[in-house]
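Here is a short report on one protein model. Look over the sequence and the fold before reading on.

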Amino acid sequence: MNAPMADHDPAAAERAAFEAQMQQDYHSPCLERRGDAYWDLGVEMAWRMWQARAALAAPKADGWQQELEVDSYTYDARGHAFNIMQAQQRDGSTRWKVSDGIAVLNIHGEWEFEPSPSTRDDGFLARCRFDSPQSALAVLKRSLAPTAPAPQEESHD
């Protein structure tokens, strides 16, 4: 027979599920706790992420599910962070741009100075805006890829 719902402790059940998952997937060596915190820092960080995931997945009291929208990404390469971010267009639509903090990437994989919004012409916007973060990332990766050396011509002496 199941325990009545009033006697069920959701927090204890959530922690038990976390610990079972840690044992199953990671064979976690240290699930020892000091109060509410885990002794092992890695386990404690995993617990905090577990709780955040549960909080975001839980429906709100009014039944509304919290929605999050990602409006920027960071891509680390060559010891430098590149930002792929939403850019609001004049017509109200949203496109994406890639910035290195100084310039923006165009669709040809070249870096350009980004003028102030009032001086950006249609050509600039067509060159330096992307339809999706995926297309922006693809151009960024291509621009960062090492270029192959030009083939050497063979001499037939």
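Is glutamine 89 buried or exposed? Glutamine 89 counts as buried, because its relative accessibility is 11% and buried means under 20% relative accessible area, exposed over 50%, partly exposed in between (1.4 Å probe, protein chains only).

## Basis of the model

This is a predicted model, in which local features need pLDDT of at least 70, side-chain atom pairs count only at pLDDT 80 or more, and totals for chains, interfaces and linings use all residues. Residues are numbered from 1 along each chain as its sequence is written, and side-chain values use heavy atoms, with hydrogens and water left out.

## Overall fold

The protein chain has four helices and seven strands. These are DSSP runs numbered from the N terminus: helices are H or I with at least four residues, strands are E with at least two. From the N terminus, the order is α-β-β-α-β-β-β-β-β-α-α. Of the 157 residues, 25% count as buried.

Glutamine 89 lies in the loop between strand E4 (80-88) and strand E5 (94-99). Leaving out residues up to four places away in sequence, glutamine 89 touches Arg95, Leu125 and Arg129. Contact here means heavy atoms within 4.5 Å.

E4 and E5 pair in the antiparallel sense over six bridges. Two strands pair if DSSP finds at least two bridges between them. Alanine 87 has arginine 95 in E5 as its bridge partner. The hairpin has five residues between the strands, and glycine 92 takes a positive phi near 95°.

## Salt bridges

The structure holds eight salt bridges. Each is a side-chain nitrogen of Lys or Arg within 4 Å of a carboxyl oxygen of Asp or Glu. Arginine 90 pairs with aspartate 122, with the closest N and O atoms 3.5 Å apart. This pair links distant parts of the chain: arginine 90 sits in the loop between E4 and E5, aspartate 122 in helix H3 (residues 122-128), 32 residues apart. Both arginine 90 and aspartate 122 are exposed.

A network of salt bridges links Lys97, Glu114, Arg120 and Arg129. Arginine 129 bridges to glutamate 114, the closest N and O atoms being 2.7 Å apart. Arginine 129 is in the loop between H3 and helix H4 (133-144), and glutamate 114 in the loop between strand E7 (111-113) and H3. Glutamate 114 also forms a salt bridge with arginine 120, at 3.5 Å between the closest N and O atoms. Arginine 129 is buried, with a relative accessible area of 2%. Glutamate 114 is buried as well, at 18%.
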